[in-house]
Amino acid sequence: MNLLPNLGWWLPRALLALIIAFQVWGSQPALAALTTNSYDGNIYALYAGNGSLVPPRSSLAQAMADQRPAVVIFYLDDDAESKQFSPVVSELQRLWGNSIELIPLVTDPLQNRPELGPTDPAHYWKGQIPQVVVFDGQGKVRFDASGQVDVDSINGVVSEITGIALPEGGTNSSTVSFNELNSEVVSR
């Protein structure tokens, strides 16, 4: 009895069965969660719908050298607070565009290293995330707050240092979730 002719019939079917078994029992679904400290990837692309925020287009040292107002946001991709704050950062980019340097920075490279002076972001990071630090064109800190900072507070300071007026009556914004992953900041 020759088994080789039957092998050509059984081998593709056995491979197909293994592939199906792996798909059913061997793989885990991708789970992204806004409220957990899990790593899901670039939080700005995933939770704010704006992957253009990272890497930042400029550094704090360059913004200071150019005497441009800057907003530095310290965050971690695997931090629930940072994930929930990401739509605020996206809204800052939408509102202020090229009027400021928006510099979102992951804090991992800042940890356990000496800070290198006033042009080094580590000089301003207090070990909390998210943290927002707003600098005027002379490099002076004009706002420094941690946690779920209200976007209207940031907008008020940015308006003051840029000389660009806020819309009549201010911005009065709030964050609205439109699915289990994404949120946006909207004016009320």
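Predicted model: local features only at pLDDT ≥ 70, side-chain atom pairs only at ≥ 80, totals over all residues.

User: What is the order of elements in the chain from the N terminus on?

Analyst: The order is α-α-α-β-α-β-β-β-α-β-β, with five helices and six strands in the chain. Of its 188 residues, 40% count as buried.

User: How are two packed helices described?

Analyst: In general, one gives the angle between their axes and the distance between the axes. Here, the axes of α4 (residues 80-96) and α5 (residues 151-162) come within 11 Å, and they cross at roughly 30 degrees. Angles under 35 degrees count as roughly parallel, and α4 and α5 are therefore roughly parallel to each other. Their crossing is right-handed.

User: Which residues of α4 and α5 meet?

Analyst: From α4, they are Phe85, Val88, Glu91, Leu92, Leu95 and Trp96; from α5, they are Val151, Ile154, Asn155, Val158, Ser159 and Thr162. Sorted by class, this contact of α4 with α5 has eight nonpolar, three polar and one charged residues.

User: Is asparagine 155 buried or exposed?

Analyst: Asparagine 155, which lies in helix α5, counts as buried because its relative accessibility is 0%, and the cut-off for buried is under 20%.

User: What does the side chain of asparagine 155 make a polar contact with?

Analyst: Its partner is the side chain of tryptophan 96, at 2.9 Å. Asparagine 155 and tryptophan 96 are 59 residues apart in sequence, and their C-alpha atoms are 8.7 Å apart in space.

Key. Residues numbered from 1 in each chain as written. Heavy atoms only, no water. Axes fitted to C-alpha atoms, helices over the stretch in contact; angles between N-to-C directions. Helix = DSSP H or I, 4+ residues; strand = E, 2+ residues; numbered from the N terminus. Parallel < 35°, antiparallel > 145°, perpendicular 65-115°, else oblique. Left-handed = near helix turned anticlockwise from the far one by under 90°. Contact = heavy atoms within 4.5 Å. Nonpolar A, V, L, I, M, F, W, Y, C, P; charged D, E, K, R; others polar. Buried < 20%, exposed > 50% of the residue type's maximum accessible area, 1.4 Å probe, protein only. Polar contact = N/O pair within 3.5 Å; in protein donor to acceptor, adjacent residues only side chain to side chain.
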